[in-house]
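Subject: Handing over the two-chain model

Dear colleague,

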Amino acid sequence: MKLRNSIKIFFAVIRALFLRELEMRFNSGRSGLFWTFFEPFIQLFVFIAIHVLITGHSGKAVHARSYDYTVFLASGFIAFNMFRHILNSTIGAFKANRGLFIYKQVKPIDTVIARVLLQLFLTSVIVLAFLFIGFFFQLANIFPKDVAMVLLGYLWLALFAFGVGLLVAVGNTFFMSIGKFVSIASFGLLILSAVFYPLSIVPNSIRNLLLYNPLVHFMEFIHGYYVYGLDTHFVDYRYMLIWTVTPPFLGLWLYLKLEKRIISE
Amino acid sequence: MIQLNNVTKYFYTKVGKKYILQDVTLTIPEGNIGILGRNGAGKSTLMRMLGKIEFPQKGRIVSENSFSWPLGLRGGFVGNMTGRSNVKFVCNLYGKNKEEAHQIIEYVKSFSELGDYFDMPTKTYSSGMKGRLGFGLSLAFDFDYMLIDETLSVGDARFRKKAKEALKKKIEQCNVILVSHDMKTLSQMCQTGLLLNNGELLYYDDVNEAIEHYKEINKKGK
């Protein structure tokens, strides 16, 4: 009886927080909503423009192994944006919702979960928009090679982001600089994460270094299962698993130790 | 009924530990309770502990009753949400359905007399407006104990009177735990009293006794 009750409360809290975040998104002026949906389009436009300038031909065929560069970019950027947004929004989750901890039902970790769910929701809307546009213009390879695996890739990436985000959010409450460091680092990650290039074109020595970045594995995973003409043979599943299991456990352990302090801050 | 078992609560200050409660064991019977204590004695902290958003270092506070959130001057609102969406949020939190939520929103809107401000972000509110919104909101929900921290002194004289009337009506169905520096309010609203002094918590069957004792302590200045 008691357990059922607390599960019910948990879902009510998550729902309330999710709706609040969504409403704030819509009310934060046009700019907030505009950027949410146009960010990937602008990124796509810029990178295709650069690509055309360098190679002299549009996104249809690249190098010897031909694949659709537009679809490649879209699937990479949407996934990378999701990761970045989850990380950035969870870092500030405790601080932004501090006023709500006066209600004893609201546990700090709920605010992190709600923000992750919101980003997942926004990402799925963006994905649907892309698919719709792709169908409308009859782009040939807009649909993924393996839908289930791509879905798994996105969800797995979200889980990874949640773990890192929780860890940083807890850390950020007591050591301010961690959040700033991560915000800056996440900018550089765009270049180092195989978002807009496949690992197969990277020279061997650099590739071995890049493979230490867990995000590279996620990107290769998603690209490999989305885009025709690419594969996933650089992906190390064990490495991905380590990175998805360790941060949330560490984060949860720290969180449970510090939960009361975060509430009464 | 509220039970405190060996409860210890302290804060670290520059000169060492500052005790709010020092190994307090006490059973507080049901009733409207006024909390007294000098500034910094920890009245608000005690309220927050009863509301389960602040936690003692040792011991437990046990009760089978439900408590409201501690209704303080600061509100418990998020600045960039409107008054309306703050109210909506609390309705969602307590699992109210659409119809109930609608009723609560209308009630809070008319009680708080915020007018157009009800649909503006709460960061644009004055502290009196925040207090009015918070007070109206807490009246719309049912608890065994209402935790009210100084909020009866918000707004102008007319609103204060209205708030007092509303609270009087509300405490026919529930109990109130009240922190106030206004002795008249305390003796009007409460029957029993708690006095917080130097880490001790004393219970009085009659709130007026507590007030007398409090005045004595205040005179001595320690």
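This is a predicted model: local features need pLDDT of at least 70, side-chain atom pairs count only at pLDDT 80 or more; totals for chains, interfaces and linings use all residues.

**Where the chains meet**

In the contact between the two chains, 18 residues of chain B are in contact with 19 residues of chain A. On the side of chain B that touches chain A, helix α2(B), residues 83-93, gives the most, with four residues. Sorted by class, that side of chain B has nine nonpolar, six polar and three charged residues.

**Chain B: helices**

Helix α1(B), residues 43-50, is largely enclosed by the rest of the structure, because eight of its eight residues are buried. The buried residues include Lys43(B) and Arg48(B), along with Ser44(B), Thr45(B), Leu46(B), Met47(B), Met49(B) and Leu50(B). Just after α1(B), the backbone at Lys52(B) takes a positive phi of about 60°.

In soluble globular proteins, nonpolar side chains tend to be buried together. In this model, the largest nonpolar core has 71 residues, and those with the most contacts inside it are Ile35(B), Leu147(B), Ile177(B), Leu178(B), Leu194(B) and Ala210(B). A second, separate core has 52 residues, among them Phe77(A), Met82(A), Ile86(A) and Val216(A). Returning to Leu147(B), and leaving out residues up to four places away in sequence, this residue touches Met47(B) and Leu50(B), as well as Gly51(B), Phe67(B), Ser68(B), Pro70(B), Leu71(B) and Ile177(B); of these, Met47(B) and Leu50(B) are among the buried residues of α1(B).

**Chain B: two further residues**

Asp23(B) lies in strand β2(B), residues 16-28, and has a positive phi near 50° although this residue is not a glycine. Asp23(B) counts as partly exposed, because it has 14 C-beta neighbours inside 10 Å.

Glu30(B) is found in the loop between β2 and β3 (33-37) of chain B, and this residue is exposed, with 12 other C-beta atoms within 10 Å. If its neighbours within four places in sequence are left aside, Glu30(B) is in contact with Met1(B) and Asn175(B). Glu30(B) and Val176(B) are 146 residues apart in sequence, yet their C-alpha atoms are 9.7 Å apart in space.

**Chain A: helix pairs**

Helix α3(A), residues 69-91, and helix α5(A), residues 108-136, pack at an angle of about 160°, with their axes 9 Å apart. That angle makes α3(A) roughly antiparallel to α5(A), and their crossing is right-handed. From α3(A) the contact involves Ala74(A), Ile78(A), Met82(A), His85(A), Ile86(A), Ser89(A) and Thr90(A), and from α5(A) it involves Val112(A), Arg115(A), Val116(A), Gln119(A), Thr123(A), Ile126(A), Val127(A) and Phe130(A). These residues divide into nine nonpolar, five polar and one charged. Met82(A) and Ile86(A) were named above as part of the second core.

Helix α9(A), residues 214-226, packs with helix α10(A), residues 237-264, at an angle of about 120°, with the axes 9 Å apart. That makes α9(A) oblique to α10(A), and α9(A) passes α10(A) in a left-handed crossing. Here Pro214(A), His217(A) and Phe218(A) of α9(A) meet Tyr239(A), Met240(A) and Trp243(A) of α10(A), a contact with five nonpolar residues, one polar residue and no charged ones.

**Chain A: one loop residue**

Ala194(A) is found in the loop between α7 (177-192) and α8 (204-210) of chain A. Ala194(A) has a positive phi of about 55° although it is not a glycine, and this residue is buried, with 26 other C-beta atoms within 10 Å.

With best wishes

Conventions:
Residues are numbered from 1 along each chain as its sequence is written. Chains are lettered from A and ligands numbered from 1 in the order in which they are written. Two residues are in contact if their C-beta atoms, placed from the backbone, lie within 7 Å. Helices (H or I, at least four residues) and strands (E, at least two) are DSSP runs, numbered from the N terminus. Ala, Val, Leu, Ile, Met, Phe, Trp, Tyr, Cys and Pro count as nonpolar, Asp, Glu, Lys and Arg as charged, and the others, Gly among them, as polar. A residue is buried if 20 or more other C-beta atoms lie within 10 Å of its own, exposed if 12 or fewer, and partly exposed in between; C-beta atoms are placed from the backbone. A nonpolar core is a set of buried Ala, Val, Leu, Ile, Met, Phe, Trp, Tyr and Cys residues joined through C-beta atoms within 7 Å. Axes are lines fitted to C-alpha atoms, for helices over the stretch in contact, and angles run from 0 to 180 degrees between N-to-C directions. Angles under 35 degrees count as roughly parallel, over 145 as roughly antiparallel, 65 to 115 as roughly perpendicular and the rest as oblique. A crossing is left-handed if the near helix is turned anticlockwise from the far one by less than a right angle, and right-handed if clockwise.
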